[in-house]
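Subject: Structure handover

Hi,

Here is the structure I promised to pass on. Have a look at it first, and my notes on what turned up follow below.

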Amino acid sequence: MTDLAAGGGAGAPDMARARRNVIVLVLAQAFLGAQMSMIFVVGAQVGLMLSPNPCFATLPLSMVILGSALSARPLAGFMQKNGRRAGFLLAVYTGGVGAAIAYFAIANASFAMFMLGSFLTGVYMSAQGFYRFAATDTAPADYAPRAISWVMAGGLASAIIGLVLVRSTADLTSVPFMATYLTIAGMNLLGGLLFFGLDIPIPKPETDAEGGAMRGRATRELLRTPVIAVAMICGMVSYALMNLVMTSAPLAVVGCGFTGGDAANIVSAHVLAMFAPSFITGHLIARFGAPIIVGLGLFILAMAGAVALSGVELHQFYLTLILLGVGWNFGYIGATAMLARAHSEAERGRVQGINDFVVFSGVFLASLSSGGLMNCAGAGSPEAGWSAVNLAMLPFLILAGGALIWMAMRPRARA
């Protein structure tokens, strides 16, 4: 089977090209990725401001995730045919249009229009998810985990940039957050220029011995491959649980008597924790193997839930969200590394598209549930709602952990 990390054109991978592409993708993650931390800091607050019902406060964030889930497979197919640069440009400018629509929605107090803008923002979010795969397209196999980690580490800068921009723009207009979304639209307009520095060849169809085009294994066969199936499950659970808790966190913090500034600081600490470990995650995967790191990530996510259930003091919110970020990093990057070596170049577009559809469908359901659990569980009590959100993690952690154990036991069962 052809390793994805060895894909991206004929001949041996070029390290100079691989490093150049990683630099471009790190910059894109840092600058363009800042909009996601901005949106997740203010999106629920805008939703609460515009929504006719507080139970729908997080629905716009769910629309971001839905847009990402629905665009993942078409975007992956588009990039398979037209290249990464074309796909990233299409997505970033669609995201810019979405931010502009959100700006006008806030100005006109239109919840429906705000959801439309949020949905289009999800197309950019989908493309950002493919940065990690693009980093491996021209990379040697032994460099691929580090390439993924470096690109994800760009999120550390995005967290700082996002926090600064939120604080600088939130109250610039008479209606809060209008300037925030206008800034996001401008970031997409300018940030697209980064992709002209990307040097990833359009994949050439693989051929068989007779010169015919190879499509790779059937989709059903791919999904029955244990490593692919488990990687998708663990990636989906890691991302969905992170989103479930993070989406409700600002509402829980404010609902428990703290300030909006406290909520922003806690979410920013969470985003830093999501990406800071990326400097070492690739090395840990290379040393211990991706499944071990994924399992560690799931354990840390469970610890985050335990801390959240222990109380609602400010330090407990901080610790919960920091653990949540670290657990996501290990679980998600580890699952990505597992998937990246499990398919051929001919299968790349389908596998990556299906994976991100599965991942973001799970994240969509989590974010959709988050607002209802937070605002409508426990007779509307913020403390009860926060507990309900964190208790909901348990069955999914059992699912992912069980899948990892099943995969680990299969070789022994065959022996």
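Predicted model: local features only at pLDDT ≥ 70, side-chain atom pairs only at ≥ 80, totals over all residues.

Let's start with Phe 196, which sits in the loop between helix 7 (178-191) and strand 1 (206-207). Helices here are DSSP runs of H or I with at least four residues, strands are runs of E with at least two, and both are numbered from the N terminus. Phe 196 has 49% relative accessibility, so it counts as partly exposed. On that scale, buried means under 20% relative accessible area, exposed means over 50%, and partly exposed is in between (1.4 Å probe, protein chains only).

Residues are numbered from 1 along each chain as its sequence is written, and side-chain values use heavy atoms, with hydrogens and water left out.

Phe 196 also belongs to a nonpolar surface patch, together with Tyr 93, Leu 189, Leu 190 and Leu 193. Patches take residues with over 30% relative accessible area and no salt bridge, joining like charges within 9 Å and nonpolar side chains (Val, Leu, Ile, Met, Phe, Trp, Tyr) within 5 Å.

Now the salt bridges: the whole structure has 3, each being a side-chain nitrogen of Lys or Arg within 4 Å of a carboxyl oxygen of Asp or Glu.

- Asp 199 and Arg 17 pair up at 3.3 Å, N to O. Asp 199 is in the loop between helix 7 and strand 1 and Arg 17 is in helix 1 (residues 15-31), so this contact ties together parts 182 residues apart in sequence. Asp 199 is partly exposed at 29%, and Arg 17 is partly exposed at 27%.
- Arg 84 and Asp 137 meet at 2.7 Å, N to O. They link helix 4 (residues 84-107) with the loop between helix 5 (111-134) and helix 6 (144-169), 53 residues apart.
- Arg 132 and Asp 356 come together at 3.0 Å, N to O. Arg 132 is in helix 5 and Asp 356 in helix 14 (residues 348-376), 224 residues apart. Both are buried too.

And how many disulfides does a search of the whole structure find? It finds 0, taking a disulfide as a pair of cysteine sulfur atoms within 2.5 Å. As for cysteines, Cys 234 is buried at 0% relative accessible area, and Cys 256 is buried at 17%.

Cheers

Technical notes. Areas by Shrake-Rupley, 256 points an atom, 1.4 Å probe, with all protein chains shown as cover.
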